[in-house]
Amino acid sequence: MTHILITRPEGKGAALAQELEQAGYQASLFPVLKISYLTPSTTELSPLINADKIIFISQDAVTALAQLKPTINTKAQFYAVGQQTADTIYALFGVRAAVPKQYDSEGLLALNSLAEVDGSNIVLVKGQAGRPDIAKTLKARGAFLNNCVVYKREQISAEKANWTDHWQSLKVQGIVITSNAAVDAIFNNLTEQQLQWLQQCRFYVASERIAAYLQQQQVSSANIHIAAGASDTAMFSCIKQQGSKMSEQSKPVTADNKTSAKPTMSSDKKAAEKAPSVTNNKQKISKVAVLALIISLTVACGVGYEFYQKLNAGKAQNVAVNELKEENALLSQELQALKSAQSNLQQALFNSEQKVAAALNESAQNNQQQLKAALQQAQQQGASLNPQEVTSLQRMAEFKLWAEKDYQGASAVLKRLDALLSEHPGTVAVRQAITQDIQTLDSLKPIPTEAIYLKLNSILANIDNLAFNAVNIPEEATKVDENALSEDVNDWQQNLSNSWNKLVDSFITIRHHEGIAIEPLLTEQERHLINQRIKLNVTQAQDALMSKQASIYFSAISEAKRLVNEYFKQDDEATKVVINALTSLEKEPLNFNPEVNLQSTQQVKEWAQ
């Protein structure tokens with residue numbers, strides 16, 4: 001009885017062992033690994049919310065993720081490496097997963113839906129250090145890949161020497177392996193004798209990947225048998241098939257060993273087979289000869305014996321005729337049996353043709369129905385609403401609002417989103433929130449920054465044309481001093497008179513103004529400084545406008561207006577124009593950062609989940 005050792009983790013090999021024992025094998029459970037579930041961080045789980053495709057490596061990956069109860073996009077495309085993994089996905093998440101024909105990494109990557117994944121968000125739910133080829137290939141195809149590690153395989157703490165010695169004592173002939181980690185657990189740190197014994201065993205593995213990894217341990221490919229997957233059914237079929245092949249191969253050897261003992265029996269058997277035909281021929285010949293002899297004796301006999309001989313000949317003829325009739329009857333029965341068999345065969349062929357035609361017709365109808373259903377499903381999927389597109393439009397509207405401060409652009413994006421949702425039922429609440437946000441954004445009028453800037457620039461150009469509210473200081477005329485002293489000595493009398501006149505003018509003459517109001521007097525330098533100060537305030541208002549600092553803008557405008565009112569003539573036309581322009585600019589509603597909260601953000605998030 002062939003002894004099969006099952007090394008799958010605890011709780012996963014009992015059904016296979018039972019099947020093998022029912023089929024006449026001896027099966028033993030010996031787990032070499034244990035599965036430990038992990039708790040990924042929120043950052044690792046967050047890509048599941050907006051994932052386009054989610055790939056599960058094994059049943060343990062599905063079970064471990066389901067226990068975490070994360071927020072997951074169930075409208076994404078799910079993938080499973082094997083059928084049992086797909087069944088577990090449907091049982092825990094209620095989603096049908098795509099399964100490759102070849103249950104391994106190569107088969108998964110060969111799927112058409114994973115051929116062009118440029119820009120797709122893909123989450124790979126896996127164990128620690130498992131299947132690096134999938135992640136590497138998908139990244140090379142341009143996908144945004146996120147690994148979600150939810151479990152790990154750990155070697156059971158035991159001495160491997162005890163494993164192999166115990167297996168050898170049990171006379172184990174075949175070993176079931178379903179992962180590379182199990183290969184490492186079995187083959188690492190072995191003695192030469194233990195390794196030689198293991199290399200002589202037959203190994204039943206779940207994929208070509210494991211077979212190639214096992215060959216690195218110097219195990220011959222003739223001793224490695226690849227199943228159609230890691231399921232119990234696939235493993236059992238592989239073991240059963242290999243057992244049948246070995247049984248068939250063993251039969252010719254037994255026949256060869258007995259060939260020398262059978263030549264006599266074979267020749268005797270041939271002789272025995274030929275014997276009936278010879279006897280039958282002799283019987284047929286003897287009957288004809290007897291008939292001929294009877295006829296010849298009848299003719300040769302004398303007249304005296306004629307009646308007697310005729311009587312004997314008649315009896316012989318009757319016997320021969322009766323024998324011939326019996327033979328003819330047997331032949332007729334055989335012929336009738338052949339005709340009946342032929343009729344039955346024709347009827348069976350006719351019935352088979354009818355059944356085949358009916359089966360082909362039914363198969364064609366089923367194929368047409370399945371094709372129609374697939375086309376309808378494809379049309380429904382093509383017309384169905386993509387949550388990823390809805391979420392992207394909502395995020396674009398938020399970016400327009402908060403990053404670019406483009407309220408009209410945000411409103412346009414929300415209008416496009418509303419038009420998209422209008423074609424699908426079940427989006428009333430989301431559309432109401434979107435309509436409210438559109439009304440709020442449309443009520444926010446954009447600030448006419450360029451127009452305000454040009455008005456300020458016009459004021460700057462008119463500052464130098466304003467008339468100051470002050471009396472111009474006249475220029476002092478050059479006067480001729482009539483009392484100037486002469487340097488000529490002969491003019492001493494005139495010099496004496498001029499000196500007396502100066503003395504009298506200094507102490508006695510009184511000057512006064514009559515009928516003229518006294519106004520402040522400004523020099524040219526002071527006027528220039530006032531103009532420059534007003535220009536500085538206007539320029540500061542322009543800078544504050546461009547940098548969206550409302551408080552600085554209004555402070556600069558107010559100061560410029562105060563200076564114009566204080567130093568320039570109010571009845572002058574140029575002064576009126578500047579003051580009116582500054583008053584209009586003071587009333588501009590410069591609300592650069594209005595408080596706007598989009599009600600549709602939360603509604604879209606809840607709808608997408």
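This is a predicted model: local features need pLDDT of at least 70, side-chain atom pairs count only at pLDDT 80 or more; totals for chains, interfaces and linings use all residues.

**Entry 1: the whole chain**

I began with the surface: the protein chain exposes about 38,700 Å², and carbon and sulfur atoms supply 52% of it. Accessible areas here come from the Shrake-Rupley method with a 1.4 Å probe, and for residues only the protein chains shown count as cover.

Residues are numbered from 1 along each chain as its sequence is written, and side-chain values use heavy atoms, with hydrogens and water left out.

I then looked up the secondary structure, which comes to 22 helices and 10 strands. Helices (H or I, at least four residues) and strands (E, at least two) are DSSP runs, numbered from the N terminus. Of the 609 residues in the protein chain, 33% are buried. Buried means under 20% relative accessible area, exposed over 50%, and partly exposed in between (1.4 Å probe, protein chains only). Among the contacts in the protein chain with a separation of 6 or more, 67% are between residues 24 or more positions apart; a contact means heavy atoms within 4.5 Å.

Next I traced an open sheet of five strands, with the order 2-1-8-9-10 and parallel pairing. Two strands pair if DSSP finds at least two bridges between them. Which strands stand at the edges? Strand 2 (26–29) and strand 10 (224–226) do, each with a single partner strand, so one side of each is left without a neighbour in the sheet. The twist averages 20° from one strand to the next. For angles, axes are lines fitted to C-alpha atoms, for helices over the stretch in contact, and values run from 0 to 180 degrees between N-to-C directions.

I followed strand 9 (residues 202–205) in more detail. Strand 9 pairs with strand 10 in the parallel sense over three bridges. In strand 10, Ile224 is the bridge partner of Phe203, and His225 is that of Tyr204. Towards strand 8, four bridges join strands 8 and 9, which run parallel, and Gly174 stands opposite Arg202 in strand 9.

In a regular strand the side chains alternate between the two faces of the sheet. I checked both faces of strand 9 and found them covered: Arg202 and Tyr204 on one side, and Phe203 and Val205 on the other, are all buried.

Helix 10 (residues 208–215) touches strand 8, strand 9 and strand 10, and its direction makes about 170° with that of strand 10. Helix 1 (residues 14–22) touches strand 1 (3–6), strand 2 and strand 8 (174–177), its direction making about 165° with that of strand 2.

**Entry 2: salt bridges**

Side chains of opposite charge can pair when their charged atoms come close. I counted them as salt bridges when a side-chain nitrogen of Lys or Arg is within 4 Å of a carboxyl oxygen of Asp or Glu. How many salt bridges does the structure hold? There are 11.

One of them joins Asp464 and Lys535, with the closest N and O atoms 2.9 Å apart. Asp464 lies in the loop between helix 17 (449–462) and helix 18 (492–507), and Lys535 in helix 19 (residues 524–546), so the pair ties together parts that are 71 residues apart in sequence. Asp464 is partly exposed at 48% relative accessible area, whereas Lys535 counts as buried at 18%.

Glu559 forms a salt bridge with Arg533, at 3.1 Å between the closest N and O atoms. Glu559 lies in helix 20 (residues 550–567) and Arg533 in helix 19, so this pair ties together parts 26 residues apart in sequence. Glu559 is partly exposed at 23%, and Arg533 is partly exposed at 44%.

Glu566 and Arg562 meet in a salt bridge of 2.7 Å, N to O. Both lie in helix 20, four residues apart, about one turn of the helix. I also noted that Arg533, Glu559, Arg562 and Glu566 are linked in a network of salt bridges.
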